[in-house]
Amino acid sequence: MKFGVIVFPGSNRDHDAFYAAAHILGQKAEFIWHDATSVRDSDALILPGGFAYGDYLRCGAIAKFSPIMKAVKKFAADGGLVLGICNGFQILVEAGLLPGALIRNRGLKFICREVLLQPGTTDSPFTNACRKDRTYRVPIAHGEGCYFADERTLDELEAEDRVAFRYVGNPNGSLHDIAGVLSRERNVMGMMPHPEDAIEPLMGSSDGLAVFQSLLAAAVRA
Amino acid sequence: MSAAAITPDLIAQHQLTPDEYQKIVSILGREPSYTELGIFSVMWSEHCSYKSSRLHLKKLPTRGKLVVQGPGENAGIIDIGGGYVIAFKIESHNHPSFIEPFQGAATGVGGILRDIFTMGARPIAVMDSLRFGRIDGSPNAARNRRILGGVVSGIAHYGNCFGVPTVGGECVFESCYDGNPLVNVFALGVCRKEDVFYAKAAGVGNPVIYVGARTGRDGIHGASMASAEFTEESKQKRPNVQVGDPFLEKLLLEACIEAMHTGAVVGIQDMGAAGLTCSTCEMGSRGAVGIEIELDRVPQRETGMTPYEIMLSESQERMLLVAGKGREEEVFAVFRKWGLEAVEIGSVTSDGKLRVKQHGGVVAEIPNRELADEAPLYDRPHTQPARHAPRNAPPLPAPDVQSALPNLLASGDLCSKRYIWEQYDYLVRSSTVAGPGADAAIIRIKETGNSVAISLDGNGRYCYLSPREGAKLAVAESCRNLSTVGAQPVAATNCLNFGNPERPEIMAQLVEAIEGMAEACRFFDTPITGGNVSLYNETLGEGIYPTPVIGIVGLMKTVQPTGIPFRAPGRTVILLGGIGESDERQFGSTQYAKVILNQLWGTPPALDFDREKCVQNAIREIVNAGLAESAHDLSDGGLAIALAESSFGGIGARIDLASDMRADLLLFHEGPSRVLLSTGHADQAQAIAAKHGVEALVVGVTIEKEIEVSQRGRRVGLWEIASLKSAYEQALEAHVR
């Protein structure tokens with residue numbers, strides 16, 4: 001399986017995602033610069049964490065105009081697997097690939113902390129290796145991670161089983177405790193927590209591996 | 001050229017003495033122009049020239065078998081094996097952080113990060129040593145809280161966006177920092193040994209290239225500002241503080257590293273203090289060449305800037321590099337890719353001079369070496385270090401250790417700093433093995449299988465009572481922190497924060513602290529590879545405590561870390577190094593004296609170098625043998641605080657101390673050379689201790705939920721961990737709100 005890690009100016013967990021894919025999973029991985037127009041032969045894309053374009057406007061508001069985003073949208077429309085983590089989630093939301101918005105944390109401060117996640121569904125290429133009867137220890141590191149959407153969208157997400165992860169002990173005020181959501185076709189997921197920073201005992205937790213193992217399993221099936 | 005006449009007033013405004021001015025005239029063989037006067041004034045400021053401290057800094061050990069680069073470059077460099085090196089340094093941004101806390105602290109982070117990547121190393125860790133005025137019970141508490149909030153958000157803003165983990169540090173509150181907070185930022189980067197770059201110009205005819213942000217009028221005379229005491233008017237200096245753009249810095253990092261890898265870059269230096277002036281003349285001086293630049297080509301943010309303003313601007317996120325002639329385009333292509341401006345503004349010449357032109361005419365022409373390296377050097381008079389604290393202890397009230405422990409745990413210096421460090425991204429780069437809250441931060445180097453451990457330490461109270469002993473204790477504690485996590489200390493960087501060196505009693509503090517630090521660094525074999533001196537930390541004539549801060553790095557294998565918390569009940573609790581010695585005089589420097597008795601007297605704890613080293617060797621061996629389930633060094637607050645912190649995982653201890661010391665001294669004295677550990681292999685741990693000639697005193701056993709302390713079988717304190725922990729965890733946020 002080959003992961004394409006999109007690098008925007010200001011991405012800073014691009015190396016973390018690459019390391020997870022290439023060194024921990026032992027899969028192929030390559031960086032794709034934001035002004036490329038093709039995702040080449042990637043089997044799955046990761047939009048990594050960071051501060052694309054400094055996030056001086058709204059997080060992800062500039063990045064959605066990067067040339068590569070056209071190719072990302074096409075890739076997603078064709079059923080390709082797209083994972084947006086933290087800033088990547090914000091970009092996917094801004095680009096309209098996922099519903100809702102990410103606003104300032106409830107406490108108005110950046111929070112870096114390990115949180116507990118409860119899988120909302122195991123019926124997705126990103127969570128099929130998760131178990132619903134346990135929680136997952138994964139860190140968050142964001143200032144604008146409070147998930148927000150109108151009632152109808154929230155109802156729809158719940159009705160269609162598209163909440164990928166929920167916080168246990170909501171750290172940032174996200175509605176419905178939402179930490180990650182799926183697209184309607186379930187091939188695009190955005191999540192604020194960082195599974196790529198919880199993939200080895202040395203990091204204090206390996207629970208984030210479940211997301212990558214799910215992706216691998218999905219790719220094998222495909 | 002500006003026609004401003006050079007009057008004695010103008011010279012004084014530039015903080016140059018008449019003698020210094022005469023030296024300038026003799027170097028030039030003529031009167032300087034206004035621009036030249038400005039250039040000299042920043043290069044010869046205390047901040048850039050170390051004119052008061054240089055003489056004494058020479059006493060510091062700077063060589064060692066792992067030292068690749070010592071002081072004199074943008075950062076020190078140490079060989080960590082496997083073909084890799086680390087570059088690291090600590091710097092202060094005290095004065096700007098008082099005037100404008102958010103931007104002052106943010107640009108402090110930005111400045112030190114550039115120092116690291118200008119050497120070719122990618123920054124992988126930041127730590128901060130912070131000192132604020134008291135945030136409770138002081139008339140200035142509200143202002144101090146605002147400064148704290150601004151500084152922390154500034155550090156978070158810059159480091160988080162740039163993508164470097166802020167992995168630890170220290171934060172202390174003391175009235176002496178009321179009008180003068182200390183913001184010292186440490187950064188560390190890594191690269192392959194052959195990829196190190198130096199800030200040295202070479203090759204006559206080679207192009208000099210300016211990259212990064214445009215030059216504006218911000219930060220003019222920042223270096224001079226940092227070289228004077230504060231007065232009531234200092235707030236008007238707010239425009240002297242620069243504004244940081246971490247996103248631009250991130251691009252600059254990536255572009256610089258990529259440009260370096262093209263092989264087209266000859267030398268590179270960031271524009272920090274004294275901006276374009278400092279980068280040009282220092283690169284020229286190091287390479288023994290001249291540099292000629294044309295200011296019309298310098299990218300400018302504002303119109304109508306004078307040569308004086310352009311040369312002295314401290315606009316952030318700018319670098320100067322020298323490329324190989326004919327290879328400019330390779331450099332330009334990289335910067336274009338990252339959307340950054342890169343402009344050829346001049347060239348390397350053979351005459352050793354910094355020649356600055358504008359509109360075709362020469363506006364400044366100064367010999368590089370004299371400007372950069374021949375700044376005045378002062379042997380300032382020094383007498384007895386300033387101190388206004390009694391030598392002897394006051395009558396001590398009867399000890400009440402039961403209530404003292406929660407009070408201490410909730411005090412500013414000892415309480416949890418989680419409120420601060422949760423605002424920092426300490427995990428980015430997925431290499432943080434031990435982050436904030438640990439005895440030492442541990443960052444793994446993915447490329448080599450080794451890790452780097454870092455500890456920042458300083459104790460203004462100790463240093464106020466004895467600058468020499470206080471500095472030694474800081475080095476010892478830093479090394480002990482590293483040893484406790486299993487690392488071998490190998491090198492250091494220092495940040496010397498002091499008051500006005502023109503006062504002999506302050507100069508004496510500086511001299512004694514440097515000498516103490518030199519002695520300790522020599523003993524522990526941790527050469528100082530660079531650092532920073534921040535003087536004139538005074539407001540309205542009130543000096544800070546002498547506050548030398550030391551950052552020491554250690555090396556270790558990448559392994560699962562031994563943490564602070566006890567992990568299971570029924571384990572043996574050992575106090576390595578024993579109960580230690582103290583007396584009422586030494587007790588005056590402790591946190592107990594500060595928090596419970598609200599006083600300061602006597603001397604710092606006594607340090608025995610040889611014993612300290614033996615304890616460190618023993619704990620390192622015990623930890624690396626996997627025999628300790630938990631290990632925590634004893635420092636501020638003494639045994640009781642170490643015991644409480646070790647218990648915050650929910651497992652406590654029942655201990656009994658065979659000592660006749662007063663209970664308050666026994667539990668809260670800060671005698672060094674001690675580590676608290678828990679183990680399921682007490683015999684083996686004791687055998688290692690014995691081998692090193694160190695006492696491994698079995699003091700008790702781990703238990704669930706409680707801490708119980710007895711003295712010769714008589715209980716002196718019993719605490720429920722949950723309530724201690726909530727006092728510890730909630731204190732800072734309660735103070736800040």
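## Basis of the model

Residues are numbered from 1 along each chain as its sequence is written, while chains are lettered from A and ligands numbered from 1 in the order in which they are written. Because the model is predicted, local features need pLDDT of at least 70 and side-chain atom pairs count only at pLDDT 80 or more, whereas totals for chains, interfaces and linings use all residues.

## Chain A as a whole

Chain A holds five helices and 11 strands. Helices (H or I, at least four residues) and strands (E, at least two) are DSSP runs, numbered from the N terminus. The C-alpha atoms of chain A fill a box of roughly 40 × 35 × 35 Å along the principal axes. For 222 residues, a compact globule would have a radius of gyration near 17 Å, and the 15 Å of chain A agrees with this. That radius is taken over C-alpha atoms, and the globule rule is 2.2 Å times the number of residues to the power 0.38.

Of the 222 residues in chain A, 57% are buried. A residue is buried if 20 or more other C-beta atoms lie within 10 Å of its own, exposed if 12 or fewer, and partly exposed in between, with C-beta atoms placed from the backbone. Two residues are in contact if their C-beta atoms, placed from the backbone, lie within 7 Å. Among the contacts in chain A with a separation of 6 or more, 77% join residues 24 or more positions apart.

## Helix 1 of chain A

Helix 1 of chain A covers residues 14–24, and its buried residues include Asp14(A), His15(A), Tyr19(A) and Ala20(A). The cover over the buried residues of this helix includes strand 1 (2–7), strand 2 (28–33), strand 3 (44–47), strand 4 (81–85) and helix 5 (209–221) of chain A. Just after helix 1 of chain A, Gly26(A) has a positive phi of about 70°.

## Two open sheets in chain B

One open sheet of chain B has seven strands in the order 8-10-7-11-9-12-13, with mixed pairing. Strand 8 (265–270) and strand 13 (361–367) of chain B each have a single partner strand, so one side of each lacks a neighbour in the sheet. Neighbouring strands of this sheet are turned by 25° against each other on average, direction ignored. Strands count as paired if DSSP finds at least two bridges between them. Strand 8 and strand 10 (residues 318–323) of chain B pair in the antiparallel sense over five bridges, and Gln269(B) stands opposite Leu320(B) in strand 10.

An open sheet with the order 23-25-22-26-24-27-28 in chain B also has seven strands and mixed pairing. Its edge strands are strand 23 (628–633) and strand 28 (714–720), each pairing on one side only. The twist averages 20° from one strand to the next. Helix 22 (residues 609–624) of chain B packs on this sheet, touching strand 22 (572–576), strand 23 and strand 25 (675–679), and its direction makes about 150° with that of strand 23. Axes are lines fitted to C-alpha atoms, for helices over the stretch in contact, and angles run from 0 to 180 degrees between N-to-C directions. Within the sheet, strand 24 (residues 651–657) and strand 26 (residues 696–704) of chain B run antiparallel and are joined by five bridges; Ile655(B) has Gly700(B) as its bridge partner.

## Strand 4 of chain B

In strand 4 (residues 122–132) of chain B, 10 of the 11 residues are buried. This strand pairs with strand 6 (residues 182–192) of chain B in the antiparallel sense over nine bridges, and Ala125(B) has Leu188(B) as its bridge partner. Strand 4 of chain B also runs parallel to strand 5 (residues 166–173), with seven bridges between them; here Ser129(B) stands opposite Glu170(B).

## The largest nonpolar core

The largest nonpolar core has 326 residues, and those with the most contacts inside it include Met43(B), Leu188(B) and Val553(B). Such a core is a set of buried Ala, Val, Leu, Ile, Met, Phe, Trp, Tyr and Cys residues joined through C-beta atoms within 7 Å. Beyond its neighbours within four places in sequence, Met43(B) is in contact with residues including Cys48(B), Ala274(B) and Leu371(B).

## Where the chains touch

The contact takes 23 residues from chain A and 22 residues from chain B. Helix 8 (141–162) and helix 10 (246–262) of chain B each supply at least two residues of the chain B side.
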